[in-house]
Structure formats: C-alpha cells, structure tokens
Amino acid sequence: MDPNRQGARASYVALSIFVALWILVPSAVRRFNREAFVEFQAPALHLLGKSRELATFWEKKSRSVEEMAAAGRDLARINAALEIQINKFEDIRRENVRLREITHYNVPAEYMSVVARVATRDSSSWWQRIVIRKGRKDGIRPGAPVVFGNTVVGRVTAVHLTTSEIDLVTSPGFRCTAYLEGDDQNHIVLVNGVASNSLGTAKARVSVIPRDYSMPAGQPARVFTTGMGGVFPSRLMLGYLDGGTYATQVGNFKESLLVPSRDLYNLQEVSVLVPLHQNPGEALMQGDQFQ
Amino acid sequence: MGWAWLFLLLATYPWLLGADLASDTLASSSLIFFVSGTCLVAPCRRLKRWQAVLLAACLGFLFEARRPIPDGTLALSLVAIAIFLSSNRQLIRNTPGMLWAAAIVNVGASLIWFLASSYGSPSPATDLAGQFFLQLLLSGVVGTLSLIPIALTQNAVLDRLNVPPAPDTP
C-alpha cells in the first residue's frame, strides 16, 4: 500500500483516539487548555488597545493651533456648565447626608468599582461580547455586573489573568429580572438576550409583562434592575421597551423587545462592579465551562 | 525543521488578530471575519503531516479560546482537515486548487463553529437562516481573498526556515 495513504489512515485513527480521550478527559484539562490559549493572546490584545490610544494621541497632537484653541473654548464653556451642575449636586449631597442622618439609613457598600478599557468586541448570532483589559489580577470575578454610569452593559462571564470577557445585555446568555417604568405595582419581568437574526441592531427580550401593564404615554418605558438575585444592584437602567408590547402565545403575559440605553458596540470603557463578598451566582458561574 | 509549525503559527497570528480586528468593526452586524481555515491551506503543502496537525490544532484553539464554543470542536475538525490536505497534496499543488481549498475549508470550518455554537448556546434562536448563509458567504469570500497574502507570508517564513518547497508533482 502507498505509505502516504497508510500514514493518513494511521493519522485518522490517532485522531479518533484523541477525540475519544478529549471527550473523556476531566473538564479541568480542557479549561486549562482554553486558558493557556487565552493568555497567549492577551499581550496582543493589550498591545492593540494601547496602539489605538497611541494613534488617537498622535491624531490629536497633529491638530492645528486654531483647532486646539476652538476646542479649548468649547471645553471652557462645558466646564462652566459642569461647575454649575457640580454645585447643584453638592447641594443634593448635603441634603442626602442630612436625610440619611435622620433616617439612619446605611448605604450598602457591597461593590468595588473597577474601571476598565474595552480591548475588542466580538459578536455572532450566538454571542455578543466585549473583552476588557482588566482581569483576575485586578480583582475581577466571574458574574460581576458591568455598567457604564447607571446603565447596565452586561455581566462578566470569563475572567483571565489580565483580560475579562463580558456578555452584553443583548447576548443570548444574559438574564436578569427587572421593573418597568409606569408599573405602579412593581411586577417583576424577565430580561434575556436574543440571538440576533440579521444585520439589525441586537436587542433583548422582556417577558412576563403583566397583561394590564400600559406603557407611559409619549415616551418609551424604561426598564430597571430589581436588585433581586444579588447580581445587579437595584434601579440600574437596562434600556427602553421597543415600541409596543405583544401578547405571548399562551396569552397570560405580554412580551416586548428591549433596546439597550447605550450603543454597546461603541463603548470605550466600562465599570465592573465587583461584589466585596462572593454571592451564590458567582459560584454557579465558576462551574459553567462555556460562559 | 521540527519547530517550523510554531514559527509559522507566530507568523500567522497577526493575520488572525487582523481578522479579529475586522470582526470588531463588524460587531454590530454579528458577522465574523473567519480565516482560520484559510491559514491552514498553504502550510499543508510543505509541512510534514504531524506539523500540519499541530498547527491546525493551535489555529483552532486560538479561535475557540475567547468564544463560547464547546472545547476542541473547531480545533479537532481543523486537525482532520489538515490530515486530509497533507495526505492529498495533489489537490492543492497549484493556485486555483489552493483557492478552491481555501474557500471550501474556510466555509466548512465556519459551518462547524456555527453549528457548535448553536449546540452550546444557552437559548434557542429562530430565523437564523439568513445570518447563517451570510456568515458562510462571508467566510467563503474572505477565505478566498485572504489566501494569497496569507500564503505569501507563510511561504516566506517557511523559506527562511529552509523547509523544502512543495513538489510540483506530489
């Protein structure tokens, strides 16, 4: 027999044996393998992010003096407006302190905020993810909520040494409970990402909306986190209900689509809210090999 | 040279990173610039079978590392493809053959990761046919168009490593 064909046959047999071993091997080995390849790519991702910043720096440096002067003027105006706002917030803060003293309310300082830059974005029909340039080394843990301001961006699904992967609100793996604006009885609804179908904007689905719920007139209804489940703090904004609600097949509840309140694919940086104490959700996440 | 596959992987990695960057710009459309299959075609002409197998496994694992695909699905599929290509070098001995191979391998590998993703997905998706065909089409086009520059890079590295050229008549 031709030695080349014989070698090929032997290779196929070896591959079949390896596939069988690969299926039987403990998941820790597979996870280690995945982790090794992630860490191999991490320096390149860091380099990529930093070179983008360098390019931006040189792009700004190449601007003319007139442009810079104009930008400076605009900035001065914005600064003035912001100073007024700061004074306003200072007043509110003082009032807040006073009210807290009255009620003896202690704000739970359960989270540590870690600000991280977005390294790369990645999406398909089955996932919508971003990779940030902070990881285990910076204290990030799987399951931690990721926000921008008071808006939910997603949730940390995988943490590596210097990078982390985040499932966006629109990702099929994302789930959380929420309240709807205009619902006086605070019914709990469910928000989960939807596998995207076409080139359109990725959205999430809001389900279990009570039949008697009616959206506020003249504006899209906002969707807020409930704070239940211990993952997301309460009253963070998830997005807006897209258009109207429609009845489900069963008819007991209504459903709608959720439009994220920020353009998730244009974020430059995000804040990861790392719980100071591990919650049960995190323990579950650590056992999940695909997320 | 025994380590040729590793040097080739390092030389190919910028192309994979470039594809990731291109995917980054396409993120809002849920499409991915997939070139892992194409990166496998040119090395299979010149590398020994075991070297091609190692390269294929690493290419697959690099793609899988940051994506929620069942471990090893793409990598092991690429290994099988590498075995086939390195055992049937006459199929890729000229440029048209390589272009066909790049398109077929890239679309095939793309199909495999898409199906693997659907298997590992936490929620069912509906009406995915359009997205599916668009992704396969993109993979085919990108795979064909990117073959020449990738193959040139890889051949340059293999020449430097003194790996013998592919025989005209295998």
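**Helix packing and chain contact in a predicted two-chain model**

In chain B, helix H3 (residues 49–65) packs against H4(B) at an angle of about 150°, and the two axes are 8 Å apart. Because angles over 145 degrees count as roughly antiparallel, H3(B) is classed as roughly antiparallel to H4(B). The crossing of H3(B) and H4(B) is right-handed. As the model is predicted, these values describe computed coordinates.

On the H3(B) side, the contact is made by Arg49(B), Ala52(B), Val53(B), Ala56(B), Ala57(B), Leu59(B), Gly60(B), Phe61(B), Phe63(B) and Glu64(B). H4(B) contributes Leu74(B), Ala75(B), Leu78(B), Val79(B), Ile81(B), Ala82(B), Ile83(B) and Ser86(B). Classified by residue type, the contact of H3(B) with H4(B) comprises 14 nonpolar, two polar and two charged residues.

H4(B), which spans residues 73–87, also meets a helix of the other chain: its axis and that of H1(A) come within 10 Å and cross at roughly 175°. This angle makes H1(A) roughly antiparallel to H4(B). The contact of H1(A) with H4(B) divides into nine nonpolar residues, three polar and one charged.

The contact between the chains as a whole takes 39 residues from chain A and 35 residues from chain B. On the chain A side, the elements that give two or more residues are helix H1 (3–24), helix H2 (27–61) and strand S1 (111–123). H1(A) supplies the largest share of this side, nine residues. By class, the side of chain A that touches chain B holds 17 nonpolar, 16 polar and six charged residues.

Chain A contains four helices and 12 strands. Of its 291 residues, 30% count as buried. Among contacts in chain A with a separation of 6 or more, 61% are between residues 24 or more positions apart.

Strand S6 (residues 175–180) of chain A is joined to S9(A) by three bridges, and the two strands run antiparallel. Phe224(A) in S9(A) is the bridge partner of Tyr179(A). Side chains alternate along S9(A), which covers residues 222–225.

Most residues other than glycine have a negative phi. Val208(A), although not a glycine, has a positive phi of about 60°. Val208(A) lies in strand S8 (residues 204–210) of chain A. Val208(A) has 16 other C-beta atoms within 10 Å and is therefore partly exposed. Arg235(A), likewise a residue other than glycine, has a positive phi near 65°. Its place is in the loop between S9 and strand S10 (237–247) of chain A. With 11 other C-beta atoms within 10 Å, Arg235(A) is exposed.

Definitions and conventions: Residues numbered from 1 in each chain as written. Chains lettered and ligands numbered in written order. Predicted model: local features only at pLDDT ≥ 70, side-chain atom pairs only at ≥ 80, totals over all residues. Contact = placed C-beta atoms within 7 Å. Nonpolar A, V, L, I, M, F, W, Y, C, P; charged D, E, K, R; others polar. Axes fitted to C-alpha atoms, helices over the stretch in contact; angles between N-to-C directions. Parallel < 35°, antiparallel > 145°, perpendicular 65-115°, else oblique. Left-handed = near helix turned anticlockwise from the far one by under 90°. Buried ≥ 20, exposed ≤ 12 C-beta atoms within 10 Å, placed from the backbone. Pairing = 2+ DSSP bridges.
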